[in-house]
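I opened my notebook to look at how the parts of one protein chain pack against each other. Here is what I looked up, in the order I went.

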Amino acid sequence: MRTRELRALIAAGAVKQVRLVGDGGSVYAEFQTPGGKSVAQTDKGQVKTWQTLDAAARWLRGLGIGNARLELAHWLPDQRALRL
């Protein structure tokens, strides 16, 4: 789900839950809406990721989200991503 779509859903009150999920060396955002779960995407349609928790939290806060669950079971902050 792209940022513009997320803003519209947030404004309409359709976002029920937000999770920041650690996966490898990055973090991504997952949103629960009445239509199901979806992840934040870039304008090119790829999963939007951050390298730090504070960057992801600042992005969520910029959208107007004040609460999010944090799941770190699979987060390895020192792991570097492979550039393919």
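**Entry 1: two tryptophans.** I began with W50 and W59, and I found that both are buried. I kept in mind that this is a predicted model. For W59 I noted the value as well: its relative accessible area is 16%, which is under the 20% cut-off, so W59 counts as buried.

**Entry 2: ring pairs.** How many aromatic pairs does a search of the whole structure find? I got two. In one of them, the ring centres of F31 and W59 lie 6.5 Å apart and the planes meet at 70 degrees; an angle over 60 counts as edge-to-face, so that is what I called this pair. I liked that this pair links distant parts of the chain, since F31 sits in strand β2 and W59 in helix α2, 28 residues apart. I then looked up W50 and W59: their ring centres are 5.0 Å apart with planes at 45 degrees, so I wrote "tilted" beside this pair. Taken together, ring pairs link F31, W50 and W59 into a cluster.

**Entry 3: F31 itself.** Is F31 buried or exposed? I read a relative accessible area of 0%, so F31 is buried.

**Entry 4: the core.** Next I turned to the largest nonpolar core, which has 16 residues. Which of them touch the most other members? My list reads L6, A29, F31, W59 and L60. I saw that β1 (17–24), β2 (26–33) and α2 (53–63) each supply at least two residues of this core. The largest share, four residues, comes from α2.

**Entry 5: L60 up close.** I asked what L60 touches, leaving out residues up to four places away in sequence. I wrote down V18, L20, A29, F31, I65 and A68.

Entry 6: I found β1 mostly covered, with six of its eight residues buried.

Terms used: Residues numbered from 1 in each chain as written. Predicted model: local features only at pLDDT ≥ 70, side-chain atom pairs only at ≥ 80, totals over all residues. Heavy atoms only, no water. Core = buried A, V, L, I, M, F, W, Y, C linked by side-chain atoms within 4.5 Å. Buried < 20%, exposed > 50% of the residue type's maximum accessible area, 1.4 Å probe, protein only. Contact = heavy atoms within 4.5 Å. Phe/Tyr/Trp six-rings, centres within 6.5 Å; stacked < 30°, edge-to-face > 60°.
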